Amino acid sequence: MKRIARILAATFVCMLAIFAIAGCNKFNTEAPDLNLEPEPVDKAYGDVKTFSNKVFYCLIVGNDSRNGTVDEGKGKHGSDGHQRSDVMMLARVDPKSHLISLISIPRDTQSQIDGEVVKINESYDRGGIKGIVAKVEEYTGVNIKYYFDVNFAEFGKLIDALGGVDVNVIAPMTFQNVISGGNISIEAGDQHLNGEEALVFARVRKIFNSGDATRQYNDRSIIISLVNKAITHPEELTGYIDDFMNIVHTNMSYEAMLYYATDFMDNADDVKYISASFPWEGADDPATGLWLTYYDPAMWKSIMDVFREGGDPNSVYTTPIG
């Protein structure tokens, strides 16, 4: 039983981390001192600690590092020591009600760094994971307890280690296989995807009328699918713990992973999900030449007021899909 619990722990965190779907080079993979709140421990028995059942928040980040891809070292952004957090999701985890709420933060959201107008994902390039955690905390008003970070190549490895992912593809797509070159095509409908196919599914956006809004929806659907897989089929994941620890970049402790994953496994029938996004609409900014997603503080506050209470942000703002 202890072996299964440990495996589930790694799996649960992997599910969250995997959806970052972007990159991490060595400059940004070392865990910085984020001054995050300490993990409250209620009691310990044996090698298992019992953690608080209070709501906590995680930032799921993926940057566009090209390490491990065919673009590595070719001078493109992401292959030159710089990278941006192109996928960002704020996850609210409620251990009491077993509710996992996911809300996407559009990468093009208007922001500022030292008075300079930039996209919000620039905070990762300038300050690494510490920079983007601080910026998202500023925009959302919540304390982010844990972060999870993977790159293109790591994402594919994780999907394959988990035996693939089941998703619904709303439109046929063809996109570059950035790991080995060439293209990968995926048909519409319910599909079981391997790592390289899942990376295509997670990155495609230009074929959709709503562009990045649909890509964000697809990324969240991967999370939900894999969390379900983890908590209902633990026997399939007995070899994954070592892969997880070697691939995923996180500040979550092993003991916390063990506790929360086991708890969600034990209550798998009660686990619920909410999937939402902050506004994605935008336009070209004549002053900077950037395409920026509008940032409306009042709208973000209205969304977060609902999100913090475990409600559905789609009651305030709903992104179009397709």
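This is a predicted model: local features need pLDDT of at least 70, side-chain atom pairs count only at pLDDT 80 or more; totals for chains, interfaces and linings use all residues.
Student: Is the crossing left-handed or right-handed?
Tutor: Right-handed, as α4 passes α5.

Student: Which residues make the contact?
Tutor: From α4, they are F152, F155, G156, I159 and D160. From α5, they are G195, A198, L199, A202 and R203.

Student: How do the residues of that contact divide into nonpolar, polar and charged?
Tutor: Six are nonpolar, two are polar and two are charged.

Student: New topic. How many residues are in the largest nonpolar core?
Tutor: It has 26 residues. L59, L90, I103, I105, I129, I132 and F278 touch the most other members.

Student: Which elements give two or more residues to this core?
Tutor: The strands are β3 (56–63), β4 (85–94) and β8 (144–150). The helices are α3 (122–140) and α9 (297–308).

Student: And which gives the most?
Tutor: Helix α3, with six residues.

Student: Back to I105. What is I105 in contact with, leaving aside neighbours within four places in sequence?
Tutor: I105 is in contact with M88, I120, V136, F278 and W300. F278 is also one of the residues that touch the most other core members.

Student: What about another core?
Tutor: Another core, of 23 residues, lies apart from the largest one. Among its residues are I100, I224, A256 and M257.

How values were computed:
Residues are numbered from 1 along each chain as its sequence is written. Side-chain values use heavy atoms; hydrogens and water are left out. A crossing is left-handed if the near helix is turned anticlockwise from the far one by less than a right angle, and right-handed if clockwise. Helices (H or I, at least four residues) and strands (E, at least two) are DSSP runs, numbered from the N terminus. Contact means heavy atoms within 4.5 Å. Ala, Val, Leu, Ile, Met, Phe, Trp, Tyr, Cys and Pro count as nonpolar, Asp, Glu, Lys and Arg as charged, and the others, Gly among them, as polar. A nonpolar core is a set of buried Ala, Val, Leu, Ile, Met, Phe, Trp, Tyr and Cys residues joined through side-chain atoms within 4.5 Å. Buried means under 20% relative accessible area, exposed over 50%, partly exposed in between (1.4 Å probe, protein chains only).
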